[in-house]
Amino acid sequence: MSIEVLPERVIAQIAAGEVVERPASVVKELIENSLDAGATLIRVEIDSGGKRLIRISDNGVGIISTEAELAIARHATSKLRTADDLSHIQTLGFRGEALASIASVSHLTLTTRHRDESAGSQLRIEGGDIRRRQTVGAPAGTVISVENLFFNTPARLKFLKADTTEKRQIASIVTRYSMAYPGVQFVLLQDGVEIFRSSGSGQLADVVLKVFGLDSFKQMIEVSSEPEAEIEVYGYTSSSEMHRADRSKITLFVNGRSIQDASLSYAVTQAYHTLLMTGRYPVAVLMVHMSPEDVDVNVHPTKAEVRFRDPNAVFAAIQRSVRRAVIDAVQVPTVRQQDFADYVTIRRPAQIGLDMDMVDTGQYQRQQRPVFTQRSQDDDDDPTAIPSGPSAPAKPRTLPMLRVLGQIGSAYIVAEGPAGMYLIDQHAAHERILYEQFMDNHQRQGLIAQYALNAQSIQLAPTEAHLLQEYIDVLASLGFTLEEFGPNAFVIRSVPAMLADKDPVGVIQSIVQDLEQGKHPGQQSIEDKIVLRVCKQAAVKAGQILSLDEMQGIIRQLERCRSPLTCPHGRPTMLHMSSEHLAREFGRLG
Ligand code: ADP
Ligand code: MG
């Protein structure tokens with residue numbers, strides 16, 4: 001074949017492939033146009049999942065009659081004049097591509113009347129060809145009907161999913177934008193039935209409640225950044241009790257633009273560090289606002305991805321705001337007023353700095369201090385001992401005072417509190433205590449008490465030995481001193497003191513197994529994995545009979561943990577049965 005320049009129409013169809021992937025992308029582009037036109041009411045109608053019809057009507061400024069044809073021309077826009085404008089773009093659109101692309105792969109009817117004109121204009125375009133233009137009477141604003149999408153690109157048509165999938169995608173676009181623009185009323189009709197209507201009241205809470213429903217809304221926490229923050233973050237995020245199996249319920253807007261950004265979704269998830277089980281994700285709607293100069297929106301034709309001048313700052317801003325909101329909200333529902341006053345004292349972000357530093361960088365920040373030999377005075381002398389009753393650390397209380405009644409199944413501690421009965425998982429609770437102790441010593445003091453061993457050796461498979469060698473420094477910083485000793489063998493010189501009475505070879509083996517699972521995005525750092533493993537090994541097990549003293553020791557320490565309600569893996573440490581619940585179950589209450 002000879003080389004030829006493609007006809008304009010073919011170029012448009014190829015380009016359309018990038019912008020218009022499916023009916024939902026049409027809806028997104030048209031909504032963005034309506035928002036750019038200053039609409040306060042946007043009505044979205046779709047038939048057959050958008051395959052037959054997508055119609056978006058708005059009460060925005062409209063298009064002046066002499067420019068209507070230009071609107072559907074490629075690279076025609078009213079939003080940008082020079083390349084310099086790209087650096088401070090304030091509108092959602094700027095590429096001048098969407099209408100041309102959509103028109104080239106559908107039957108499109110544009111009806112519009114500019115606010116300052118008395119007559120409207122209507123254009124009918126089929127596969128990019130203008131078939132009809134006429135002057136019509138129309139309300140101020142714009143109506144765009146897209147029929148028979150992809151009628152001339154059968155390959156695309158074939159790849160469309162079932163109507164229900166497309167409907168869901170479209171509903172998700174409409175509801176997302178309604179949350180980002182609470183001052184705009186959105187109405188969505190599918191096959192003639194109204195399925196969503198926002199109030200346009202301007203109150204984010206109104207829309208979030210509409211979108212998620214009352215029951216979910218009640219479990220969501222308001223997020224806001226500090227008033228003067230350079231990167232402003234606000235919105236709603238789920239409490240640690242509400243979670244999902246994937247990240248898809250994390251909705252992010254940057255300067256009013258819906259974006260997908262794996263790293264920022266990760267920032268949201270990371271903010272729940274140790275409060276959510278691995279593999280569970282929060283539900284969140286977050287609006288990020290920053291100077292337009294600090295974000296490059298011209299990365300991708302669909303504008304779904306953006307690039308930040310300082311990605312770490314955005315990451316940290318999101319994570320801080322969410323973390324603070326989540327930590328603030330974690331509390332036992334039945335804490336008495338008195339205890340609550342104590343509780344409030346630990347909620348300040350400064351006091352959770354430890355967790356925040358850790359999640360910010362994904363690494364523990366080891367302080368470069370001279371090595372002290374004394375340890376923090378809160379701690380018992382023998383860290384391996386189950387904490388015993390009378391020692392009352394000076395940390396603020398985060399739970400009401402609980403009275404230990406006994407143990408059941410050699411696994412759960414039964415306790416009574418001001419508001420009923422508590423069942424505490426002894427292993428999970430002890431893991432939480434040890435985790436916070438370990439982190440405190442490691443991060444605040446920069447040292448880990450070690451227990452020296454008499455030349456214990458361990459023999460590993462070559463790949464395992466390799467892994468251990470790779471992380472030998474990390475392990476050293478956490479209290480494990482290992483020395484290579486012949487092929488695939490190591491001498492264990494010391495372990496963290498809390499593991500003094502455990503089998504060091506077994507501990508190292510289980511750490512190697514953890515390391516073998518590697519580090520996947522969305523999971524903890526290697527150091528975190530090791531710390532979790534250490535605490536798991538050191539904690540009392542289910543099946544271990546505890547004395548009353550030992551149980552009281554655990555409860556007293558748990559009462560002063562920063563996050564007493566979950567173990568470091570995010571599982572609950574306790575169940576609570578309220579006095580009312582008991583009374584109701586026994587028929588004492590109506
Ligand atoms: P862009 O949004 O990138 O400018 P589009 O192809 O989406 O490109 O739209 C082209 C132009 O048509 C816009 O710049 C705008 O001037 C005009 N336009 C499109 N939709 C509307 C609308 N709903 N109301 C008013 N003007 C619109
Ligand atoms: Mg546009």
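Which element gives the most to the lining of the largest pocket? That's α6, with nine residues.

Before going on, a few ground rules: this is a predicted model, where local features need pLDDT of at least 70 and side-chain atom pairs count only at pLDDT 80 or more, while totals for chains, interfaces and linings use all residues. Residues are numbered from 1 along each chain as its sequence is written, chains are lettered from A and ligands numbered from 1 in the order in which they are written, and side-chain values use heavy atoms, leaving out hydrogens and water.

**The two pockets**

A pocket here is an open set of points on a 1 Å grid over the protein atoms alone, where a 1.4 Å probe fits, with protein on both sides within 12 Å along at least five of seven lines; lining residues have an atom within 4 Å of a point. Volume is the space filled by probe spheres set on the points, which are joined across faces, edges and corners. For the classes, Ala, Val, Leu, Ile, Met, Phe, Trp, Tyr, Cys and Pro are nonpolar, Asp, Glu, Lys and Arg are charged, and the others, Gly among them, are polar.

| Pocket | Volume | Lining | Classes |
|---|---|---|---|
| Largest | About 1000 Å³ | 33 residues | eleven nonpolar, twelve polar, ten charged |

In the largest pocket, Gln 169, Ser 172, Ile 173, Arg 176 and Gln 260 lie nearest the centre. Elements giving two or more residues to its lining include α1 (8-19), α2 (23-36) and α6 (163-180). Helices (H or I, at least four residues) and strands (E, at least two) are DSSP runs, numbered from the N terminus.

**Helix α16**

Helix α16 covers residues 504-516 and reaches 18 Å from its first C-alpha to its last, close to the 18 Å expected at 1.5 Å a residue (the expected span is 1.5 Å times one less than the number of residues). Its buried residues (under 20% relative accessible area, with a 1.4 Å probe and protein chains only; over 50% is exposed, and in between is partly exposed) include Val 505, Ile 508 and Leu 515. They pack against several elements, among them β19 (450-459), α14 (462-470) and α17 (526-538).

**Some loop residues**

Most residues other than glycine have a negative phi. Phe 150 isn't a glycine, yet its phi is positive, at about 65 degrees. You'll find Phe 150 in the loop between β6 and α5 (154-159), and it's buried, with a relative accessible area of 1%. Asn 255 has a positive phi too, near 50 degrees. It sits in the loop between β11 and β12 and is partly exposed, at 25% relative accessible area.

Is Ser 106 buried or exposed? Ser 106 is buried, with a relative accessible area of 0%. It lies in the loop between α4 and β3 (107-113), and its side chain reaches the backbone oxygen of Ile 102 at 2.8 Å. Leaving aside neighbours within four places in sequence, Ser 106 is in contact (heavy atoms within 4.5 Å) with residues including Ile 125, Val 146 and Phe 151.

Key. Polar contact = N/O pair within 3.5 Å; in protein donor to acceptor, adjacent residues only side chain to side chain.
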